[in-house]
Amino acid sequence: MTDLPMPADASRDATKSSLLVADARTRKRNAAEKRFRSYGAAAIGVALVALVVLLSSIIGGGAGAFRQTYLSIPVALDADVLDPKGNRDPAEMSKVLTLSYGRVLDAAVDTAVADGGIEIEGLSDKDIGGLISKEASAQLRDRVLADPELLGTTVETNVLVNGRVDGYFKGRVTMESAEADGNTSPQQLMLAEELKERGMLVTRFNWDFVTNPDASDQRPEAAGVGVAILGSLYMMLVVLFLAVPIGVAASIYLEEFAPKNRWTDVIEVNISNLAAVPSIVFGILGLAAFINFAGLPQSAPIVGGLVLTLMTLPTIIISTRAALKAVPPSIRDAALGVGASKMQSVFHHVLPLAMPGILTGTIIGLAQALGETAPLLLIGMVAFVREFPAAPPEGLFDPASALPVQVYNWTQRADPAFIERASGAIIVLLAFLLCMNVLAIVLRRRFERRW
Amino acid sequence: MYDTNRMENAVGQDDIKISARKVQVFYGDKHAIKDVDVDILDKTVTAFIGPSGCGKSTFLRCINRMNDTIPIARIQGEIRLDGEDIYDKRVDPVQLRARVGMVFQKPNPFPKSIYDNVAYGPRIHGLSRNRAELDEIVERSLRGAALWNEVKDRLQEPGTGLSGGQQQRLCIARAVATSPEVLLMDEPCSALDPIATGQVEELIEQLRQEFSVVIVTHSMQQAARVSQKTAFFHLGNLVEYGDTDDIFTKPQDSRTEAYISGRIG
C-alpha cells in the first residue's frame, strides 16, 4: 500500500514549496473567507444600527407618555354649586354636570394665580381656565361622587394640565408654535412657567397612562392604554385556552398517529399555506363567521381571540410538529420495546422531550398574536372604548380595544400629543413581547434535558 | 391457556419457543425476507449472522412486531410464540412486547433516572403492587444485567450519564424488568468498546439461564462465542440454520462457507 520512499532528487525539491510561505491558492481561499466574514459582520452591523435607530426613536418619542404634568392646587368644593338640594344624596348629586365642576376648578385656578401674585401682561381668563385639562373636571366629579363628605371642604387636588402645557415642558410646544396655536398662547405658557417655579406645577411619573382608558381627541393628556391592555390580555387568554390545546393535540395526532396518506398530505400542505395567509384575511373570515353568522358582539375580545386563534394555530402546529419530529426515534423504539402503547410512548417520553420546542413555538405564536392589528380592525376592535370590560368570562363579550390597535388609533388623531401616546403604547407592547420572549427562554432552559 | 402451555413447555432446553413458517416481509415493493422457516429454542442463545442488508434485523423485529411501526412494512406467513400465532388479529402487540423484550443497537436509555428507566416497564404493565415490590424488581433486573454494583448508590441519577457499556446494560435491565420470555438483541455491542462488549457477552451467557435470547450480530467471532444456534441470512433468505459449532466448522452451504471464510459480506 505504501509507496516506496522517494529518492530526494533535485527536481522534486524545486517544486516543493515552503510551508512558511502561503501559496496563491491558499491566499485566495483565505481572502474569500475573510471577505465572507466581513459581509457577515457588516450585515450584523446594519441590523444593530437599524435596531438602535428603531428603539431610540420609539423610546425618544414615547418616554414622554410616562411623564405627565399636574397642577396641585387647593380646590374649594362649593356645596351650593355641587349639591344644590343639599341632601348629599348621590343620586341627586349625579345630576350635577361636569360643567359645574369645571367652574369650581376654574375658580380654584383663578384663586391660585391671584394668591401667587402672578402678573403676566395680556393674560386672559381663557388662558387661565384653559391651563387645566378638560378631563380634570370629570376626574374631580368622580372623586366627589365617590366620597360626598368632601363637599364643602377644600381639598388639595392634583389636576391634569392641558396637553399643550404638558407638551411645553416636554419640549413639544414652544413659544413660537403657541403663537399660532388656537388652543394655547404664549401667556398661558408663561403662566405655567411661573406656577412651576412656585412648585405648584410638577411633572412626574404617570401611572395613569398604563391604567387609564382612552380619551377623546381634545384630551390627549388623559389618554391611557388600560382598556387596550385588558383587551389584549383577554384575547391572549382566549388564544391560550383555544389555540394551545387544539394546536398541540392536532400536531400530536398528525405526527404520531395519523396514517401517512394522501389526505394527511393535503392537510399538511394546507396548514403550511394557512401559516402564510395574510392576517387581514383572517379578519374578514372572523367578521363573516363570528359576527355576521354566529352573532357575537363587535369589538369583543372573544371575537378577537377567536380570530387570533385561527391565525396562531398554523404557527403552533408547525412548531409543535417540528419539535415532535426532533425527538430521536430511538426513544420511541425504546418505549415500544418494553411494551408501552403508542399513546404511552408519546405521552411519557416523546412529549416531555418535545416540550421546550412546543413551549417556544407556542409563546412565539402568542407573541405574534399579541402584535397583530389588521384582523382586529375588521372586527371592530378599533372602536373608541372608554369602559373597562368586566372580569372574564362575561368581560370577554364586552367591548374592548387592543394594544396594537390602540397604537394605530392614536396615530390617526390630529393632536401631536397623541404621537407621544402612540409611541408610549408601543413601548408597553414591546415590554409585553419582551416578557413573553424571556418566558420562552426561561421555560426552554428549564425543560431542556441533555442526553 | 397460556399458563398450561407454558408448563408443558417448561421442560428442557430443546423446547421450541418460537417457530416461524414461510415468513415474508415486504418494504413497499422490496421483498426483504423470503420464506424464512426457523425454530428458536428456549434457554438458548440463537445468533443471526449475515452481510449487511440481508434481513436479519428485519426478521428479528418481526418476532416482537416492531415492524408494525413501519407503515410500509407488510408481513406474511406465521410466527408462533409457544404455539400462538403472534400475528393473529386478536394479539395486541403491546402484550406481546412485554413477553418478548428487545435491546437495540444503540443504547437508548430514557432521559430519566436509572431507577425510572428500569421501573418503567413494570409500572406500565402493573407488575408491582407497591413501592417495595418495584424496588425489588429494579434491583433484580439491575443485578440480572450485571449493573447493580455499579449503580446501586446512584439510582436517581440520569441513565444518560452512564458510559456506553453501562447504558447498554441498563437497556438490558430495562428489557429484563418486565420478565420477558424471549430477549431480542439487535447488534447490542456494535456501539461498544471491547471491554464493554466482553461484559455484555458474559451477561448474555447468564441471561440464557432464564430466557431464550436471539442476537443479531455482525461479528462472526461474537456469534461463535455466545451462541449455541446460528442462523445465516443472505439476501433475505435463511441459508443455513444449525448448531453454532456445525455452522462454523462444517457449513453445508457454499454461501455460508464463503461468508464465514470472509469471501463475501
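Chain B has a radius of gyration of 18 Å, which agrees with the value near 18 Å for a compact globule of 265 residues. Here the radius of gyration is taken over C-alpha atoms, and the globule rule is 2.2 Å times the number of residues to the power 0.38. This is a predicted model, in which local features need pLDDT of at least 70 and side-chain atom pairs count only at pLDDT 80 or more, while totals for chains, interfaces and linings use all residues. Residues are numbered from 1 along each chain as its sequence is written, and chains are lettered from A and ligands numbered from 1 in the order in which they are written.

The C-alpha trace of chain B spans about 55 × 45 × 40 Å along its principal axes. You can find 11 helices and 10 strands in chain B; helices (H or I, at least four residues) and strands (E, at least two) are DSSP runs, numbered from the N terminus. Of the 265 residues in chain B, 46% are buried. A residue is buried if 20 or more other C-beta atoms lie within 10 Å of its own, exposed if 12 or fewer, and partly exposed in between, with C-beta atoms placed from the backbone.

Now turn to chain A. Its radius of gyration is 32 Å, whereas a compact globule of 451 residues would have one near 22 Å. The C-alpha trace of chain A spans about 115 × 65 × 35 Å along its principal axes.

Chain A contains 20 helices and three strands, and 37% of its 451 residues count as buried. Two residues are in contact if their C-beta atoms, placed from the backbone, lie within 7 Å. Among contacts in chain A between residues at least 6 apart in sequence, 78% join residues at least 24 apart.

## Helices side by side

Helix α17 (residues 342-370) and helix α20 (residues 417-447), both of chain A, pack at an angle of about 175 degrees with their axes 8 Å apart. Axes are lines fitted to C-alpha atoms, for helices over the stretch in contact, and angles run from 0 to 180 degrees between N-to-C directions. α17(A) and α20(A) are therefore roughly antiparallel; angles under 35 degrees count as roughly parallel, over 145 as roughly antiparallel, 65 to 115 as roughly perpendicular and the rest as oblique. The residues that meet include Leu359(A) and Ile363(A) from α17(A), and Phe432(A) and Met436(A) from α20(A). By class, this contact has 15 nonpolar, two polar and one charged residue. Ala, Val, Leu, Ile, Met, Phe, Trp, Tyr, Cys and Pro count as nonpolar, Asp, Glu, Lys and Arg as charged, and the others, Gly among them, as polar.

## An enclosed helix

Helix α19 (residues 403-411) of chain A is largely enclosed by the rest of the structure, because seven of its nine residues are buried. Among them are Leu403(A), Val407(A) and Trp410(A). Their cover includes α12, α18 (374-378) and α20 of chain A.

## Where the chains touch

The contact between the chains takes 17 residues from chain A and 21 residues from chain B. On the side of chain A, the elements giving two or more residues are α16 (329-337) and α17. α16(A) gives the most, with six residues. This side of chain A divides into eight nonpolar, six polar and three charged residues.
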